[in-house]
Amino acid sequence: MRRPERGRAAVVAVAAAVVCAWGGSACATPGPAAAPPAVVPVVASTNVYGDIVERIGGDRVDVVSIIDDPAQDPHSYEANTRNQLELSKAKVIVRNGGGYDDFVARMLRASGNSSADVVDAVEASGKSPDARGEFNEHVWYDFPAMGALADRIADALAKVSPDDRGLFRDNAGEFKERLQTLTDRTERIADEHGGTAVAVTEPVPLYLTEACGLADRTPAAFSEAIEEGEEVPARSLRETLALLDDRKVRALIYNEQTTGPQTEQVRTAAEDNGVPVVPVTETLPEGEDYIGWMAANIDALSKALDR
C-alpha cells in the first residue's frame, strides 16, 4: 500500500531529529548572511596622503585622493563638484596644510560636513615658520613628519572604528619602521656627502636634501619665484645658471610638475655641463607607493652624488 505524503514527511522529520540529537550538522539552521563591516570613508588632498592612509587603514578604509595625476600641478588645482561630494561624506580628511592645499578647506566649508576629523600634516609635524617667517610646506619629504602623521591618522581612524584601533596602531608602527629604513639611508648619504652643494628648481625636496646633509646653493629668489608661478628675476636666473655652468653644484633636483621656460633653461644648462639632473614630483608616480617612491628618490640622489 502506498504511504501517504504526510507520513513520509513525518519519517524525514524523525530522522532529522535523530541526527540532531547526535550532534549532526543537519540540524544547523542557516541564518541571514552577516553584513560586511562598514569601512571608514576618507578623503586625502593628494595621492601621497591617500597612500599613507591605505597603509594604515588597510581594508578598513575607503580612500579617495583628490589629486592623483602625476601630471597635475597641485598649486594650480581647481577642485570640482565630485570632490565636494566626496568631502561631504568623509569621516576623516587628510590634507597637507601650511597653505599648500587650501582648496580642501574651501570645499569642506561648502560641503556642510562639520563632523569630519581633519588631519593636517603640517600640524602633525610640529613644524613652524623660521625667524624670517619662511616655511617649507612640503612636509611629505620629511620622514619624521610622516611618522607623526601616521600616528595621527591611526588615532583619527580609531575614533570612527574603535574595534579596529589595534589594527590601525600596528599598521602605523609598521609604516614607521619602513620610514626608519629611509632615514638610515639618508644618514649614510650625509656621512659620505655631507656639505655637498646642490641646486633645486623649487623648495619641494629640501627636507630630503637637508636630511642627506646637502647644501642648497640655489638663489632664494629663483626657487621662490618658480614655486609661486612668478617670473624669475633676471639676476637670479643668471646666478642659477652660473652654478651649473661653473659646476659649483653636484646635482640639480628638478620638480617635473612645475616647469616653465626658466626651469627648462636651467635643466638644459645642467645637462650641457654634465651636472646630473634628479627629477622629483609632488604626487605619487603611477603604480608607486609612498615608501617605494621615496626610496627611488634617495637612489637617484645617491647615484647623482656618486658620479
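Let's start with a word you'll meet a lot: a residue is called buried when its relative accessible area is under 20%, exposed when it is over 50%, and partly exposed in between, using a 1.4 Å probe and protein chains only. What you're looking at is a predicted model, where local features need pLDDT of at least 70 and side-chain atom pairs count only at pLDDT 80 or more, while totals for chains, interfaces and linings use all residues. Residues are numbered from 1 along each chain as its sequence is written, and side-chain values use heavy atoms, with hydrogens and water left out.

Helices (H or I, at least four residues) and strands (E, at least two) are DSSP runs, numbered from the N terminus. Arginine 235 counts as exposed, at 59% relative accessibility, whereas glutamate 239 is partly exposed at 34%. Their side chains meet in a salt bridge (3.2 Å, N to O); that term means a side-chain nitrogen of Lys or Arg within 4 Å of a carboxyl oxygen of Asp or Glu. The two residues sit four apart in helix α10, so about one helical turn separates them.

A search of the whole structure turns up 14 salt bridges. One of them links aspartate 120 with arginine 95, at 3.2 Å from N to O. Aspartate 120 belongs to strand β4 (residues 117-120) and arginine 95 to strand β3 (residues 92-95), so this pair ties together parts that are 25 residues apart in sequence. Is aspartate 120 buried or exposed? Aspartate 120 is buried, with a relative accessible area of 8%.

Another salt bridge joins lysine 176 and aspartate 151 (2.9 Å, N to O). Here lysine 176 comes from helix α7 and aspartate 151 from helix α6 (residues 143-160), so again parts 25 residues apart in sequence get tied together. Lysine 176 is partly exposed, at 31% relative accessibility.

Glutamate 187, found in helix α7, is partly exposed with a relative accessible area of 42%.

Now for a sheet. Four strands form an open sheet in the order β6-β5-β7-β8, with parallel pairing. Two strands pair if DSSP finds at least two bridges between them. At the edges are β6 (215-216) and β8 (277-280), each pairing on one side only.

Look at β7 (residues 252-255), which runs parallel to β5 (residues 197-200) and is joined to it by two bridges. Valine 200 has isoleucine 253 as its bridge partner, and alanine 199 stands opposite leucine 252. With β8, strand β7 pairs in the parallel sense over four bridges; tyrosine 254 has proline 279 as its bridge partner there. In a regular strand the side chains alternate between the two faces of the sheet. Both faces of β7 are covered: Leu252 and Tyr254 on one side, and Ile253 and Asn255 on the other, are all buried.

Finally, check the loop between α10 (234-245) and β7, where arginine 247 lies. Arginine 247 has a positive phi of about 55°, although it is not a glycine.
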